[in-house]
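Subject: Handing over the structure

Hi,

Here is the structure I promised to pass on to you.

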Amino acid sequence: MVAKPHVLIVDDEESLRHMLQLALAREGFEISTAASGQEALSRMAQSPRPDICVTDIRMPGMTGLELMREAFRNQSNPPVFVAMSAYGDENLALEALRHGAADYLSKPFKPEDFRLKLALVWERARPQREHASPGPQSSPTSDNPDRLSGMVTASESMRRVFRLVRKVAPFPTTVLITGETGTGKERIAKALHEEGTRRNGPFVPVNCGAIPENLLESELFGHVKGAFTDADTDRLGLFQMADGGTLFLDEVAELPVHLQVKLLRVLVEDEVRRLGDSQNTPIDVRVVAATSRDIDSMARSERFRPDLYFRLNVVRIHLPPLRERTEDIALLSHVLAESIGGRLGIPDARLSASCVQALEAHTWPGNVRELENVVERALVLEEGQGPIQQVAIDAHFSRNGASNLPPDSSPAEEEIRYRFDDPRTLALARVLSSVEQQTIKTVLAFTGGHRKQAAQILGISERTLLYKLKEHNL
Ligand SMILES: Nc1ncnc2c1ncn2[C@@H]1O[C@H](COP(=O)(O)OP(=O)(O)OP(=O)(O)O)[C@@H](O)[C@H]1O
Ligand SMILES: [Mg+2]
């Protein structure tokens, strides 16, 4: 039988101590309080010792930072710290994290955010033995994958992510998803929506990096007629469109600074004000944000507003890159082959064992999206010839393998001047021309330069192929 975790709440304001105590009352925590840093230190010396200490930073006498420093210096088994400070004191929050706080909350916060945060902090901190798997079969394997909203995994690290998603999905809490390009951030954002109580409401994605800066503001917040020259009608912003559902702010680190301020206000007040409007409109939107940038160091160096960072980062979900969960490569390859095969009408789309081995040996800088592209390309090229063989995969790696860069930034493919993650570059002619060029190259590599055979595979005349070779400088 495991003892209840003991939480010590330290704040000089009595009403806040009381409120936090109430918020945790039914969560199965043992709770004690202290009105000052000194009192907290003597409480920590008594038994039972607190497991978690939630402390205000600004307090008369000993500050929360000093309390942490003392505890870390003099206690043999100091508690896990969660620091709190008022809105606007985010530099102190960064200090607290540097001093070893496990997490931070910006006041005022909602009781459910507080509860959830503590539950997650405790889950991270509590001894392994307590959250050992409930049964012998709970570890995912290729034969027994874990599933979430159409995603699959055979790895422990993604399974942890799935667990976290299930846990936070029912709350309206803001979530920040981080991870390299192509790791599944948007899929996880959707899963948070689908697994929660808002699943019947709208899921509204917006890519903050892809909308021109001058349009983004009215896109997000809406405008009233006459707000600016082209505003000839009233328009709802994406926040209002997501009312009752989830707004997914993708590439949030690209948000210009003046919009970071506005977004912060919306998150704190749960209200939006359309451009040109004199009134705020209340909204009920769960915000999920994502970025592939290192937003932690951006916040530390204030290239991203720390106050907004802390508002978004109530719960953090980090997606591990594919190279750190190689167990997933085989599973995902098979699942992707099946689903892509279904979409393209290729019956019995399968990968040979040697093909999967070749896939497992790659480091996947473009992560699941790159894997998806490679599998699709191989399926298209080998349609109707039995399981996909290694050669189709090798064709991809021989172009990218040496440098091992993502396909869209490899020097060997510098002719590709678009990026699928940057819609501003997606002029159709350019995309199609690049795909055509790549396809021809791949097929020619496959036929060993045999043009007649290549033309047959490509379904064009040899003459058209010659013309295209010239056009693409091949
Ligand atoms: N566990 C998974 N199971 C099945 N498909 C997945 C999984 N993870 C990712 N994918 C697929 O991989 C592709 C990339 O996923 P997604 O768009 O969510 O990544 P992302 O992190 O948002 O990428 P980017 O940073 O480039 O925007 C998608 O097509 C998605 O369906
Ligand atoms: Mg994305």
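Asn367 lies in helix H15, and its backbone is worth a look: phi is near 55°, a positive value in a residue other than glycine. Please keep in mind that this is a predicted model. Is Asn367 buried or exposed? At 0% relative accessibility, it counts as buried, since the cut-off for that is under 20%.

Another residue goes with this one. Glu251 also has a positive phi without being a glycine, with a value near 50°. You'll find Glu251 in the loop between strand E12 (246-250) and helix H10 (257-269). Its relative accessibility is 17%, so Glu251 counts as buried.

While you're looking at the backbone, check two prolines. The peptide bond from Ser47 to Pro48 is cis, with omega near -10°, and Pro48 sits in the loop between H2 and E3. The bond from Lys107 to Pro108 is cis as well, with omega near -5°. Pro108 belongs to the loop between strand E5 (103-107) and helix H5 (111-125).

Now back to helix H15, by way of the ligand. Helix H15 (367-381) is one of the elements that give two or more residues to the shell around ligand 1; the others are strand E7 (151-153) and helix H7 (185-194). In total, 14 residues surround ligand 1. The closest are Thr181, Lys185, Arg187, Arg369 and Glu372.

- Glu372: an N or O atom in its side chain is 2.6 Å from an oxygen atom of ligand 1.
- Arg187: a polar side-chain atom lies 2.7 Å from an oxygen atom of the ligand.
- Thr183: here a backbone N or O atom lies 3.3 Å from an oxygen atom of ligand 1.

How much of the ligand's accessible area does the protein cover? On its own, ligand 1 has 640 Å² of accessible area, and the protein covers 90% of that.

Next, the aromatic rings. The structure holds six aromatic pairs. In one of them, Phe109 and Phe114 are stacked, at 5.6 Å centre to centre and with 20° between the planes. Both of these residues are buried. Phe221 and Phe239 form a stacked pair too, with centres 5.7 Å apart and 5° between the planes. Why does that pair tie together separate parts of the sequence? Phe221 lies in helix H8 (residues 213-221) and Phe239 in helix H9 (residues 238-241), so the parts it joins are 18 residues apart in sequence. Phe221 counts as buried at 3% relative accessibility, and Phe239 counts as buried at 1%. Elsewhere, ring pairs link Tyr104, Tyr309 and Phe310 into a cluster.

Last stop: helix H3 (residues 64-74). Its buried residues are Gly64, Leu65, Leu67, Met68 and Ala71. They cover an arc of only 160° around the axis, which puts them on the same side of H3. What lies over that buried side? The cover includes strand E1 (6-10), helix H2 (37-45), strand E3 (52-56), strand E4 (80-86) and helix H4 (90-98). On the face turned away from the buried side, H3 carries the exposed residues Arg73 and Asn74.

That's everything from me, so over to you.

Cheers

Definitions and conventions: Residues numbered from 1 in each chain as written. Chains lettered and ligands numbered in written order. Predicted model: local features only at pLDDT ≥ 70, side-chain atom pairs only at ≥ 80, totals over all residues. Heavy atoms only, no water. Phe/Tyr/Trp six-rings, centres within 6.5 Å; stacked < 30°, edge-to-face > 60°. Buried < 20%, exposed > 50% of the residue type's maximum accessible area, 1.4 Å probe, protein only. Helix = DSSP H or I, 4+ residues; strand = E, 2+ residues; numbered from the N terminus. Arc of directions from axis to C-beta. Contact = heavy atoms within 4.5 Å. Near = heavy atom within 4 Å. Polar contact = N/O pair within 3.5 Å; in protein donor to acceptor, adjacent residues only side chain to side chain. Areas by Shrake-Rupley, 256 points an atom, 1.4 Å probe, with all protein chains shown as cover.
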